[in-house]
Amino acid sequence: MSDAPIPARFYPAGGEAHGHPARLSWQDGALLVQPEDSPTRRVDAAALRVEARGFNHSQWALQWNDADGGHLLMVDDAFIAPLRDAAPGLFADGGHVRRSTHRRFGAGILFLIALPLLLLAGFFLSINPLAERIVEHIPPGVERQIGEVVLASTRAEGRMIDSGPAWEAVQIVGKRLARPSENLEFHLVDKPDINAFAAPGGIVVVYSGLVDKTASAEELAGVLAHEIAHVELRHSLRQLVKSAGLRVIVAALLGDYGGLGGWAAQLGELKFSRDAEREADLRGLARLHDARIDPAGMPRFFETLAKSEEGRMPALFSTHPATAERLATLQQAIASGSSSQVAPIAVDWASVRKSLSKS
Ligand SMILES: [Zn+2]
């Protein structure tokens, strides 16, 4: 490994939400973590868990436990290469580590009834057209209830920001984008990940780490428009039916969504197909246009992400269209679209970001 230390943010157990700057280096099979304001820690490689995270998987989370509890390091993809070279084993399946969430059904009886159905569904749901047909038959009310479960489990996992400049900014941008007939909700999670996701039924969740990385309200609008498009196109619901299978249907039939909670927490880490992403980009662009928001914010933010992806993530993780290709498609669509007058979003972005760094 080269001697240049790797920049990271360190979130010690029980510490505040915003973490401390730290430098990482590798020494004799252990990771040396040097926080700016606390003593160096030595973490045995065997104790580390590594996961790709973030919108576009632009960050890595390195986690471990000790007597004080669970600690977390966030490293931008651009800086991860030396670590990956030093300990390829840790990254072999890092991006695909999914917390297994085999929740037991509430009642054993239900399980007995559901088991043959689950086996059958497992078989059939691998055939996409059937999942499509199931999705078509899920009414919007049920979709929304599933979204509420996802939101509840997101709340249970971490602190939400429910007031203040950043929350207000998300509401203002969301309101500009929403059409009068739509019942969309926008929530802000206090987490360093550069992430955002759309839960079924119109519930859009943004992480503070993403807001902090945007340079303007228009950039955030680009992300929100993309996520709303996933909702509109029912991508989240479809993905949920595909991966949770009949559990979704059983829950909907019984009106008891509790069993979905643990699973639902992973929605933010779900990946859609390249086609779905492209579709959401273009549909999002149309929405920005309708809302008279400068569409250039969308490709600009993807470009910012691309810069933090310079280390190139393994092909395994990039089910997203290659960033360059995605950017080109967006820029072309913007150039060929009808130009309409844009009205700026009146939010002081510097104070929004400032409020995040001190909350
Ligand atoms: Zn997407």
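Modeller: Two strands are taken to pair if DSSP finds at least two bridges between them. Strands (E, at least two residues) and helices (H or I, at least four) are DSSP runs, numbered from the N terminus. The model is a predicted one, in which local features require pLDDT of at least 70 and side-chain atom pairs count only at pLDDT 80 or more, while totals for chains, interfaces and linings use all residues. Residue numbers start from 1 along each chain as its sequence is written. The protein comprises 15 helices and 11 strands.

I begin with the open sheet. Its 7 strands follow the order E4-E3-E2-E1-E7-E6-E5, and their pairing is antiparallel. The edges are formed by strand E4 (41-44) and strand E5 (49-53), each of which pairs on one side only. From one strand to the next, the twist averages 30°; angles run from 0 to 180 degrees between N-to-C directions, and axes are lines fitted to C-alpha atoms, for helices over the stretch in contact.

Two pairings within this sheet can be followed in detail. Strand E1 (residues 6-11) is joined to strand E7 (residues 69-76) by 3 bridges in the antiparallel sense. Arg 9 has Met 74 of E7 as its bridge partner. Strand E3 (residues 30-35) pairs with E4, also in the antiparallel sense, over 4 bridges. Within that pair, Leu 32 stands opposite Arg 42 of E4. E3 and E4 form a hairpin, with 5 residues lying between the two strands.

The loop between strand E2 (20-27) and E3 contains Asp 28. Most residues other than glycine have a negative phi. Asp 28, although not a glycine, has a positive phi of about 45°. Asp 28 counts as exposed because it has 8 C-beta neighbours inside 10 Å.

The next strands to consider are E9, E10 and E11. Strand E9 (residues 185-189) and E11 pair in the parallel sense over 5 bridges. Val 189 has Tyr 207 as its bridge partner in E11. Strand E10 (residues 196-199), by contrast, runs antiparallel to E11 and is joined to it by 4 bridges. Here the bridge partner of Ala 198 in E11 is Val 204. The hairpin of E10 and E11 has 3 residues between the strands, and in it Gly 201 takes a positive phi near 85°.

How many residues of strand E11 (residues 203-207) are buried? The count is 5 of its 5 residues, and the strand is mostly covered. In a regular strand the side chains alternate between the two faces of the sheet. Both faces of E11 are covered, with Ile 203, Val 205 and Tyr 207 buried on one side and Val 204 and Val 206 buried on the other. For the protein as a whole, 40% of the 359 residues count as buried.

Ser 236 belongs to helix H9 (residues 235-244). Ser 236 is buried, because 25 other C-beta atoms lie within 10 Å. Contacts, defined by backbone-placed C-beta atoms within 7 Å of each other, can also be summarised for the protein. Among those between residues at least 6 apart in sequence, 68% join residues at least 24 apart.

Helix H12 (residues 274-290) and helix H14 (residues 323-336) pack at an angle of about 30°, and their axes are 11 Å apart. H12 is therefore roughly parallel to H14, a term for angles under 35 degrees, with over 145 being roughly antiparallel, 65 to 115 roughly perpendicular and the rest oblique. Arg 278, Asp 281, Leu 282 and Leu 285 of H12 meet Arg 326, Thr 329, Leu 330, Ala 333 and Ile 334 of H14.

The loop between H12 and helix H13 (297-307) contains Arg 292. Arg 292 also has a positive phi, near 55°, and is a residue other than glycine. Arg 292 counts as partly exposed, because 14 C-beta neighbours lie inside 10 Å.

How values were computed
Contact = placed C-beta atoms within 7 Å. Buried ≥ 20, exposed ≤ 12 C-beta atoms within 10 Å, placed from the backbone.
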